[in-house]
Amino acid sequence: RFADEAQALAPHDIEAHAWHLAQLSALQLQLGRLAEARQSAERALHSFANYAPALAARAEVLAAGADLDGAVASMTAAVAQAPAPGWLARLGDFRAARGEDEEAERAYARADAGWRNEAPEPGAHALFLAMHGRDAPRALALAQRATASSNDIVSQEALAWSAFKSGE
């Protein structure tokens, strides 16, 4: 059904088409359809070369397939265009998995700074802090702020992990 919705896109809106394919890649990856997810990410990049969301989608697919070198290269290209905190955090994760602790820490610090300054998302920020064992009291405060204004699943997960990690 999701793939059929691509037919409804304006034929000349290549960014919308590439965005749709990047989203499809993420859904396919969540369903464990690695080959299909890779194909969707590559199709997105074919239709809109160097599109940051498609580069990030491809990085996730490559990491799921144990190609950490490819994942780092693709996510590095994505954050060079759009240094979204979530992508920076994932780049840190990929680098940490390769044993590149200093580079991972730099990516994590940039993600933290991005969430603090440019793209405040208290739920996502709290979840990052909690899952990476960073500043549990701040994670809990952010998660509490997030759940006070929203009852979404990310905020609730952030609250649960932050409370657990801070001993609450």
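A salt bridge here is a side-chain nitrogen of Lys or Arg within 4 Å of a carboxyl oxygen of Asp or Glu. By this rule the count comes to 11 salt bridges. The structure is a predicted model.

**Salt bridges**

- Arg58 and Glu42 form a salt bridge through their side chains, with 3.5 Å from N to O. This pair links distant parts of the chain, as Arg58 lies in helix H4 (residues 52–64) and Glu42 in helix H3 (residues 34–47), 16 residues apart.
- Arg58 has a relative accessibility of 22%, which is above the 20% limit for buried and below the 50% limit for exposed, so Arg58 counts as partly exposed.
- Glu42 has 28% relative accessibility and therefore also falls in the partly exposed class.
- A salt bridge joins the side chains of Arg95 and Glu100 at 2.6 Å, N to O. Both Arg95 and Glu100 are buried.
- Arg95 and Glu100 also belong to a network of salt bridges that links them with Asp69 and Arg98.
- The side chains of Arg138 and Asp135 meet in a salt bridge of 2.9 Å, N to O. Asp135 is partly exposed, because its relative accessible area is 38%, whereas Arg138 is among the buried residues of H9.

**The nonpolar core**

- In soluble globular proteins, nonpolar side chains tend to be buried together.
- In this model the largest nonpolar core has 35 residues. Met75, Leu91, Phe94 and Phe128 have the most contacts inside this core.
- At least two residues of the core come from each of these helices: H2 (14–30), H3, H4, H5 (68–81), H6 (85–97), H7 (101–117), H8 (122–131) and H9 (136–149).
- H4 gives the most to the core, with six residues.
- Phe128, one of the core residues with the most contacts, touches Ala89, Tyr108, Asp112, Trp115 and Arg134 when its neighbours within four places in sequence are left aside.

- Eight of the 10 residues of H8 are buried, so H8 is largely enclosed by the rest of the structure.
- The buried residues of H8 are Pro122, Gly123, His125, Ala126, Leu127, Phe128, Leu129 and Ala130. The elements that cover them include H6, H7, H9 and H10.
- Two packed helices are described by the angle between their axes and the distance between the axes.
- For H8 and H10, the axes come within 8 Å and cross at roughly 35°. This crossing of H8 and H10 is left-handed.
- On the H8 side of the contact are Gly123, Ala124, Ala126, Leu127, Ala130 and Met131. On the H10 side they meet Val154, Ser155, Glu157, Ala158, Trp161, Ser162 and Lys165.
- Gly133 follows H8 and has a positive phi, near 60°.

**Helix H9**

- H9 has 14 residues and reaches 20 Å from its first C-alpha to its last, close to the 20 Å expected at 1.5 Å a residue.
- Buried residues in H9 are Arg138, Ala139, Leu140, Leu142, Ala143, Ala146 and Thr147.
- An α-helix has 3.6 residues a turn, so residues three or four places apart point the same way.
- The cover over the buried residues of H9 includes H7, H8 and helix H10 (153–165).

**Ala22 in helix H2**

- Ala22 is found in helix H2. Its relative accessibility is 4%, so Ala22 counts as buried.
- Leaving aside neighbours within four places in sequence, the contacts of Ala22 are Ala44, Pro53, Ala54 and Ala57.
- Ala22 and Ala124 are 102 residues apart along the chain, and their C-alpha atoms are separated by 20 Å.

**Loop residues with positive phi**

- Asn50 is found in the loop between H3 and H4. Asn50 has a positive phi of about 60° although it is not a glycine.
- Ala66 is found in the loop between H4 and H5. Phi of Ala66 is near 70°, a positive value in a residue other than glycine.
- Ala66 has a relative accessible area of 66%, so it is classed as exposed.

Technical notes. Residues are numbered from 1 along each chain as its sequence is written. This is a predicted model: local features need pLDDT of at least 70, side-chain atom pairs count only at pLDDT 80 or more; totals for chains, interfaces and linings use all residues. Side-chain values use heavy atoms; hydrogens and water are left out. Helices (H or I, at least four residues) and strands (E, at least two) are DSSP runs, numbered from the N terminus. Buried means under 20% relative accessible area, exposed over 50%, partly exposed in between (1.4 Å probe, protein chains only). A nonpolar core is a set of buried Ala, Val, Leu, Ile, Met, Phe, Trp, Tyr and Cys residues joined through side-chain atoms within 4.5 Å. Contact means heavy atoms within 4.5 Å. The expected span of a helix is 1.5 Å times one less than its number of residues. Axes are lines fitted to C-alpha atoms, for helices over the stretch in contact, and angles run from 0 to 180 degrees between N-to-C directions. A crossing is left-handed if the near helix is turned anticlockwise from the far one by less than a right angle, and right-handed if clockwise.
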